[in-house]
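Biologist: I would like to go through this model with you, one feature at a time. Could you take my questions in turn and end each reply on the value or name I ask for?

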Amino acid sequence: MLKKIKKKSNFFLLFIIALAIAFIVITQNKLIENYHIANSKINHKNIKSLIEKLEDRIDFIHKLNLEYSSLDETYEFINDQNPDYIYSNFRKDSYTLEDIDLSYFILTNKSNKLLFSKKARNITNAKDHNFEEYLIKKLEKIKKINGIIKYKNNSYFISKAPVYQTDYSENSNGFLILGKKIDNLYLKNINSNFLEVRFSNKPNETSDHKHSSKNFPKIIVNSQEKIDYFTNNIYFYNEKNELLLSIQTESDIEISNDIFKTTCILSTFLLLIILILILTLNSYKKLFTHNQKNIESQIDSKTKQIKNAMEELEKVNLQLYDIAHTDHLTKTMNRRNFFIHAQNIFSVSKKENIEFTTVMIDIDNFKSYNDKYGHDVGDRVLIEFTKTIQNQLESNDIFGRLGGEEFALVFPKTNLKNAIKKVEDIKDEIEQIDIFVYEEVINITASFGVSDNYGSNNIDEMLQKSDKLLYNAKKDGKNLVRSRLHLS
């Protein structure tokens, strides 16, 4: 009888131990599975973030192309190939492309004949003229494109757009092609969510996931999960199924040893002290809860990292917006940005029946400064001239450089008489500018044309009136302010 009871007791004990061990093994596997699922989700978010960064860069380069392709100077250069345009924007040893984070700038006429090209110093094939020929031929039947293109073993961001005048009054007379090389430095700058981002040289048609985005009809992702890290091979294709870019990323997986420690502790307790099984199970439950919180904490940490990365990206986008809307020399509004703000003020003033004025400004005899002293002195004249005017403006006044030595002002909620007084004060301040060149002193003067919105149907009419009045100031002897009140 005792033998039977002992046998049953041993059987029950073995059963309890086996049941407990089975419970431990199943729970451990579930923990590991949940942990890997969480890491897989984080890896997927990181891949999505990387694709969005590529899309943001394509959008930014597209905006730059629209900026340059709609400049009157660009349109006029294609017509007459005036070297002043090249000197002003891309003269020898200038860092214009690097300043706006581009690697190449190519202009062609409507027949796709190369008129001008400039490549940044970071392009290893800078002397390879086949690069321009390849792009022009590749895109000769395409009027507009924004995306990525592959040349030899390198991938490049690319944007092509027709060249128009600012007001789009004429047909396109050529094309602008520009972009940026995708190099190791760029990959390093977008790897905030990965341990490493590098080029992949082993295209693989098999895929774990397929994606698509605005600029990439097909994106293949190969993900491999090891014990402590994820490796992703990401391949970007165009609509012709041509491989444009292949990237390999690597991120770490922090496997918690608590899972294995918990298993060992529980197994030891169950084998040695079966009588405290309930206590051991309660201890395991606490450890299970701790590990779950640890996993949630790691997910929260990864989420915060992604949020911080997005905030940094937003800051960069604001900086890029400033570059695209500001004149690089004088740091005032460029032509396009000025017209946008001026039109907004016209619309509000017309709706609310409020007076406002526009002013066209031209530096007197500016060409003579360039001819006599060189363009460096001419740049100094422009900078000092701009600073002097900005010091006289209020926070809501609009000031921009339209091109060369031509500038424009908008005084919101200001009638013609008050505007003339402001302009006279500005003119007097400009007369006080002294620029020292060797032993000479250059004194600057400027002519002004002031117009109010009386009788004008749009901002262009106002600026045209101001421009005609500016012409009268020039004709009457320069260093003068002219308005309709001076003509009456």
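Biologist: What share of the 488 residues in the protein is buried?

Modeller: This is a predicted model, and what I say rests on its computed coordinates. The protein has 14 helices and 17 strands, and among its contacts with a separation of 6 or more, 62% are between residues 24 or more positions apart. Counting as buried those residues under 20% relative accessible area, the share of the 488 residues comes to 46%.

Biologist: Which strands stand at the edges of the open sheet of five strands, and why is one side of each left without a neighbour?

Modeller: The strand order in this open sheet is S6-S10-S9-S8-S7, and the pairing is antiparallel. An edge strand has a single partner strand, so one side of it is left without a neighbour in the sheet. On average, neighbouring strands here are turned by 20° against each other when direction is ignored. The strands at the edges are S6 (196–199) and S7 (209–211).

Biologist: Which residue of S9 stands opposite Gln224?

Modeller: Strand S8, residues 218–225, runs antiparallel to strand S9, residues 229–237, and eight bridges join the two. Gln224 falls within the residue range given for S8, and the residue opposite Gln224 in S9 is Thr231.

Biologist: How many charged residues are in the lining of the largest pocket?

Modeller: The largest pocket holds about 1500 Å³ of space, and 46 residues line it, with Glu73, Ser88, Asn89, Arg401 and Gly404 the closest to its centre. Several elements supply at least two lining residues each, including helix H1 (2–69), helix H8 (277–325) and strand S12 (398–403). Sorted by class, the lining of this pocket has 14 nonpolar and 13 polar residues, and the number of charged residues is 19.

Biologist: Which element gives the largest share of the lining of the largest cavity?

Modeller: A search of the whole structure finds five cavities of 30 Å³ or more, and the largest cavity holds about 70 Å³ of space. Its lining has 10 residues, of which Ile42, Asn46, Ser251, Asp252 and Lys302 lie nearest the centre, and the elements that give two or more residues to this lining are H1 and strand S10 (243–252). By class, the lining of the largest cavity has three nonpolar, five polar and two charged residues. The largest share, four residues, comes from H1.

Definitions and conventions
Residues numbered from 1 in each chain as written. Predicted model: local features only at pLDDT ≥ 70, side-chain atom pairs only at ≥ 80, totals over all residues. Heavy atoms only, no water. 1 Å grid on protein atoms, 1.4 Å probe; cavity = no way out; pocket = protein on both sides within 12 Å on 5 of 7 lines; lining within 4 Å. Points joined across faces, edges and corners; volume = space filled by probe spheres on them. Nonpolar A, V, L, I, M, F, W, Y, C, P; charged D, E, K, R; others polar. Pairing = 2+ DSSP bridges. Axes fitted to C-alpha atoms, helices over the stretch in contact; angles between N-to-C directions. Buried < 20%, exposed > 50% of the residue type's maximum accessible area, 1.4 Å probe, protein only. Contact = heavy atoms within 4.5 Å.
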